[in-house]
Number of protein chains: 2
Amino acid sequence: MNVRKQFRAGSEFRIADHHPGDKPLSSGDKPADQLRVSGLAEQIAAFQDIFYAEHRRKLLVVLQGMDTSGKDGTVRGVFGRLDPLGVRSVAFKAPSTDEREHDFLWRVHEQVPAMGQLVIFNRSHYEDVLVPVVHGDINEPECERRYRHIREFERMLCETGTVLVKFFLHISRDEQKRRLEARLQEGDKHWKVDLNDLKERRYWDAYQERYERAIRETDTDPAPWYVIPADSKTHRNLAIASVMIDVLQDMKLSYPPPNPEYFKIKVE
Amino acid sequence: MNVRKQFRAGSEFRIADHHPGDKPLSSGDKPADQLRVSGLAEQIAAFQDIFYAEHRRKLLVVLQGMDTSGKDGTVRGVFGRLDPLGVRSVAFKAPSTDEREHDFLWRVHEQVPAMGQLVIFNRSHYEDVLVPVVHGDINEPECERRYRHIREFERMLCETGTVLVKFFLHISRDEQKRRLEARLQEGDKHWKVDLNDLKERRYWDAYQERYERAIRETDTDPAPWYVIPADSKTHRNLAIASVMIDVLQDMKLSYPPPNPEYFKIKVE
């Protein structure tokens, strides 16, 4: 079965139909699955080499998910083998004063990939239809307008040579609890702790609802959403890497044709 | 008569109906008109002071026109009295390699005004539906797509607090000839000469036609185009300044209300 179809959200997406603990791609043997992830990550790196040489398209990967859902881990586990020459990961934090004084797409547009570049957004413009809505800082009509701004912006990116792949890392409330507790118990992980994350947990249901809405409203054929069950880190990476391979294969990448004249040139 | 209505292009815009030599606002007395321009420029500066203090909206002025049509002169003559604290003029040249490897709106979006800022675009994203079309580097469907990208982008800017005013500085082919010759005859103006401008003149009719199309396709109520007869420099400034005053008056600017508590504070 085509993995993209398998994880595609679609415009009728209902979050309740997706279970964070599912592991449809798992072999049941964790070390074997980890090995598969490594193999796929190598394969992605090989594709990216051609993609970079081709210099004809752009690739933008969006990672979204609740706190601790594994966005950083995905960057490391799935995209960690890529040549930094053509890859950039961008983490969007709470907007600065200067950023807030522009439209919400301003700082995002600045960071989109150029020809031959692969850019990974660790959070993105989707935060702007989640956080402020959950906290009542923008109203429903403003949120609807932002969905439209996103659809139009992403369509423009796709029409100007960008392949766009959006992942929602779907974890359960219980798994988040375990991960937050683990961070609090391990001194070496305290740098990852933001006490604010503990407060945001109270809004869990509201966030789930807004994720459902946002994904429905912005899942389009040129800019699809994939919903990745993310309670298992290994399976999460396996699923994301598999979708990426599928996308890259579909791009029919090839090195630019050699120049027959070059073979004859004598270097003085 | 409302000057905005008088110069508004509209979606039925036909360039042949507009005469570059017209001077509908002129008193017939050039020194008197120059004095009026100075007065209006001062008035714009006074409005901008409130606009800056208000810090609630953004103002974007787009200047487009053939070579020598007076874009630089407009910046100086109409916006020259403004406090640089809240004003920025951005000149868009031929795109760099990095800029060409992104969508055409990328470098433009980066430069849009923040809250309380007035930004003047000296050339803009409209070059991307003129130069490459005239020279056959993009085809008609791609050009149509760009019109849509522009409409959606400008609508998004307006919906996120930007007041957008677009001026087409309309000069005649003969007037351009006179101005180019004057530049070639005056050694002190040689820095302004780009020999390429002389070649682009051959495409005059094609440019006129593409300006007509571009303006028709992108004149919208939130992002209107004004067609300014520009063979006379004084009248050009008079017309642009008058439209700007009209726009600024319509914005009903006011200083933020004073805080009654502040009056009572003793500074230690």
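Reader: Which side chains does A:Arg148 meet in a salt bridge?

Author: A:Arg148 pairs with the side chain of B:Glu159, 2.9 Å from N to O. A salt bridge here is a side-chain nitrogen of Lys or Arg within 4 Å of a carboxyl oxygen of Asp or Glu. Keep in mind that this is a predicted model: local features need pLDDT of at least 70, side-chain atom pairs count only at pLDDT 80 or more, and totals for chains, interfaces and linings use all residues. Residues are numbered from 1 along each chain as written, chains are lettered from A and ligands numbered from 1 in written order, and side-chain values use heavy atoms, without hydrogens and water.

Reader: How many salt bridges cross the interface of chain B and chain A?

Author: The rule finds two.

Reader: And how many residue pairs in polar contact?

Author: There are 17 across the interface, both residues at pLDDT 80 or more. The term means N or O atoms within 3.5 Å; within protein, one must be able to donate a hydrogen and the other to accept it, and residues adjacent in sequence count only if both atoms are side-chain atoms.

Reader: Which elements of chain B touch chain A?

Author: Helix H5 (106–110) and helix H7 (140–159) of chain B each give two or more residues. H7(B) has the largest share, eight residues. Helices are DSSP runs (H or I, at least four residues) and strands are too (E, at least two), numbered from the N terminus.

Reader: How much area do the two chains bury between them?

Author: About 2200 Å², with 51% of it on carbon and sulfur atoms. That is accessible area (1.4 Å probe) lost on being put together, summed over both parts. In chain B, the residues losing the most are B:Glu101, B:Asp103 and B:His109, together 24% of what that side buries.

Reader: Switching topic. How many salt bridges does the structure hold over all chains?

Author: 56. One of them joins the side chains of A:Arg4 and A:Asp246, at 3.3 Å from N to O.

Reader: Where do A:Arg4 and A:Asp246 lie?

Author: A:Arg4 is in helix H1 (residues 3–7) of chain A and A:Asp246 in helix H11 (residues 233–250) of chain A, so the pair ties together parts 242 residues apart in sequence.
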